[in-house]
Amino acid sequence: MSLEIQTNTLQQRRQTFAHIARRFGEDRPATRYEEATLDLQPQRGFHYRPTWDPAHTLYDKSRTAITMADWYQLTDPRQFYYGTYTISRARMIETVDRNFESVARRGLFDAIDPDWQDLVRFYLIPLRHVEWGANMNACNITDVGCGTTITQPAIFAAMDRLGMAQIISRLGLGLGGAETLALGKDIWMTAPEWQPMRRLVEDSLVIEDWFEQLVMQFFTLDGLLFPLVYEAFDERGIAHGASGLSLICEFMVDWQRESSRWIDAVLTRAARESSENAALIGRWHTHWQARGIEALAPLASKVLGDEGEGVLAALAGSLAGRAAKIGMPGEGAVA
Amino acid sequence: MSVTTIGEYDFPSSDVVGNFHGNFMVHVLWDSHLMFAAPVSLPLPPAMPFAALTGEVLPQIYGKHPDWPRIDWAQARWELDGVPFQPDPGASLGDQGIGHKSLLRFSTPGLDGLYGAGF
Amino acid sequence: MNVAANHTRPRKLNLKERYNHLTRGLDWDFSYQPKEKVFPFSDYEGIKIHDWDAFEDPFRLTMDAYWKFQAEKERKLYAVIDSFSQNNGQVNLSDARYVNALKLFITGISPLEYAAHRGYAHVGRHFPGVGPRIACQMQSIDELRHAQTQIHTISHFNKFFDGMHDPWHMYDRVWYLSVPKSFFDDAMSAGPFEFLTAISFSFEYVLTSLLFVPFMSGAAFNGDMATVTFGFSAQSDESRHMTLGLEIIKFMLEQDEANVPIVQKWIDKWFWRGFRLLSIVAMMTDYILPKKVMSWRESWEMYFEQAGGALFRDLSRYGITLPKYHEMATAGKDHISHQTWATFYQYTHAAAFHTWTPSDAEKAWFTEKYPDSFAQYYGPRFDHWEKQQASGDRFSNDGLPMICQVCTIPAIFTEVEDPTRISLRSCEHNGEKYHFCSDGCRDIFLDEPEKYVQAMLPVSQIFQGQCGGAGLSEVLDWYHLNQGADNCDHLESRDAAMWEQWHRSGKDPA
Amino acid sequence: MSSLVSIVLQNTDDARAIIDAVMTDNPEAVASRYPAMVKIDSPGELVMNKASIADRLGRDFELQEIHLCLVNISGNIDEDDDRIVLRWNS
């Protein structure tokens, strides 16, 4: 330091921003997550109505039926802000890149049984479109959601979904090049086994209530699809020489484990706010779970044969366990 | 021209006269006195006599300028909403056409601010 | 369905091919929902797009590269921020007056970064084309980054200096912050194509270099390594955003000739709104940086007249011309920083940063940099106020200013041909009078009066009793402005006293 | 009259190699130095070659790494695997 400053003169006037101190009830140091998140969304004094939706104001809280006295209660247990988020994802993708290299070097895609390769092309490559739908839903929640605590993890999730769509695309390129991607899209568009899923994804894009979209995407559909594809299908593939694929898909397994911690925390807090919230969340989950099972059943049968139905039922069972912990009312309470 | 929208788009002005608790919002500008950066906005009762504006309200703002006490009001030139205007000191603002969001602009010939800079 | 296994190793793809495979093929034609329901906002503005795939992606970043590069930037930036705060870098600034730029930054600019984040999420969801959608989503998350890195940098300054303690509350309320807020509310309430023209093109491409380049270089020159680091780190994203701005404009212009007049109208509007918003930046560049790198006038010449001139020559092949009233903006380069500072100087009691009269050395610098205006029009003002302050009577304006209906700035700007005459314009709409600072702002109103009649003008809001009370003190409390600390003249401020205390025991700053 | 294209780079170690490569590969370019940054202007066109930059860094260089030190650009961007070109079409 070029100046001799006596340290006792460097008295801090405050420890953090006033809006955070008000939340704490005292002026004490805040975390970077807290300073980067709390109260960032404008609350009042919007000058003009949107020309694309004159019935609402900008940042309108009435775009969901869920009510919260304070939307900033829906914090992210991962405490991700941009810096910690990107650094975490950079680490994860570096592992993916190393795994792609080692799979290529050791010819591990070619080592997969040819029949199983066909099946992988069938069940995995169209998922890039499911991820793209999830990207749009997450982006929509960032657009119209309430409070940075929810819109921030939503934009991170949007980029994650694009990232996963691109990992799947790279897998497709590895499993036969650009034609595999074209074929995957053809399967997505025309294979009867995929049509219930495509209908589900398209329907999810126009869900009016963003919180319903959040439940549908990150709790219900992800909660069924990820363990089915990246665990049950993957396990089956090991016997067919598909361990190289497993290596790369670890990204998705890790991602969903992490993401479910987030969505469970958010839904738990929202359900605790009021019985009306809990009932709504439960109703949405019940509705979309039926759609999710309907959409995944043909794929489960295709890949797992007769066991497919049972595996899917077990996944629905473990999701019911999560739902109960979150505080969603049981079937009886919903009816 | 008109705004292009999806659906009906018809919202009231934020500054309709009814929002001002019985007052008009009136804007006043003393030309060539940039010590005061912009015209001033004032919430005024329509029944206020014009003389009260120049004698009681404006001195609270412009009284800090050395030109202010030297003004000969008979020489002042006024414009009301862009049109030359001869105020009646005894009449109320409302009665002489000064309305909500009217702009009164006046100059004081010979008193053109300081330093030849209209300050 | 059976697929023949392909055992030949795929050829290595080049950057463009790889990007296209990883992005462009992701969408599909919907069968179960009508396209208009999924993308309801793409047509109403009248922009005609025939082929979304013709959009050229800026820089073709895929997420793997994005995460890696951005993480690298973040690691570097936070290392600087940590080191700056651990070493109490604030004591090595050129002067405490500098910190007032950061007060404006955190209250007036960081909230715009956040608004941009949300606005780009909106267009990133709603454009029917994959290319622009992904570019917008990346910009959305980048803008969140900018808001957060600014908060994390300025957090340290907030611990020592006044005026930065409640930025989000202030953004929603304080009179002069309605200028940036109304600007962004305007863009966000417009359709997706206008939003991109407004923010990506007019603001990012044409105007923000004026903030981030000379001002940030100035931050470095004034000893603020933390701020220059977040500033330049943000700019490294900004060059991607600028490219999006230019590509989207070219895309609209190339898609259909009928788009040209609509785009030109938006360029005209948003150039003028952006120019007015930059008045604050002009003042920061000229008056708040104690050590000067470049005057506002020089910045304007370099980044608007020269770079903007080249840009609009390039776009002329589509029939696009320089924005309407660009010559008035250029004439303003001699005046707006001085006029804006003089305004805040006289309303210093109502602002959450400090003001002061420039030193003799600064006045000499202004005289040199502004040969056509400073000595004649502005030097005498500051001399007068300086003398008045020395005699114990610091000047302040006790009236509330008339606000322009569109830019929401007090009507402080002067006519091009006479810098001593305030420029005023007005009109009547549905029997109500509306006032403007300029032809540019009046044109914007006349084109969409239904929009601008809604503006929440801060002085009107006070008179209507919406701001905590009728007295100034009540209004300032409602702003959460700590009276006697955040506001008034720098010379009488706690910041100045603290600075003095820090440096009393040491040697003079070099 | 030919319009100037410009880039502005931070004063970092990697950027010095880029600046050196750009100045060598574009004889008409002019560099101006400011606190913490360098602005390079060039009439009509400016090329950044991957190979020239890699030579100076003594390692592989991905062109997208330029994002780590890029502050500002003026001109249309055209990027392929080997070079980035900035140009005005007028």
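**Chain B meets chain C**

Q: How many residue pairs are in polar contact between chain B and chain C, both at pLDDT 80 or more?
A: The count is 25. A polar contact is a pair of N or O atoms within 3.5 Å; within protein, one must be able to donate a hydrogen and the other to accept it, and residues adjacent in sequence count only if both atoms are side-chain atoms. This is a predicted model, where local features need pLDDT of at least 70, side-chain atom pairs count only at pLDDT 80 or more, and totals for chains, interfaces and linings use all residues. Residues are numbered from 1 along each chain as its sequence is written, chains are lettered from A and ligands numbered from 1 in the order in which they are written, and side-chain values use heavy atoms, with hydrogens and water left out.

Q: Why is B:K101 with C:E432 called a salt bridge?
A: The rule wants a side-chain nitrogen of Lys or Arg within 4 Å of a carboxyl oxygen of Asp or Glu. Here the closest N and O atoms are 2.8 Å apart, so the pair passes.

Q: What makes β2(B) and β1 of chain C (residues 400–401) a strand pair?
A: Pairing takes at least two DSSP bridges. Two bridges join these antiparallel strands, so they qualify. B:S41 stands opposite C:L400.

Q: How many residues does each chain bring to the contact?
A: Counting heavy atoms within 4.5 Å, chain B brings 45 and chain C 51.

Methods. Helices (H or I, at least four residues) and strands (E, at least two) are DSSP runs, numbered from the N terminus.
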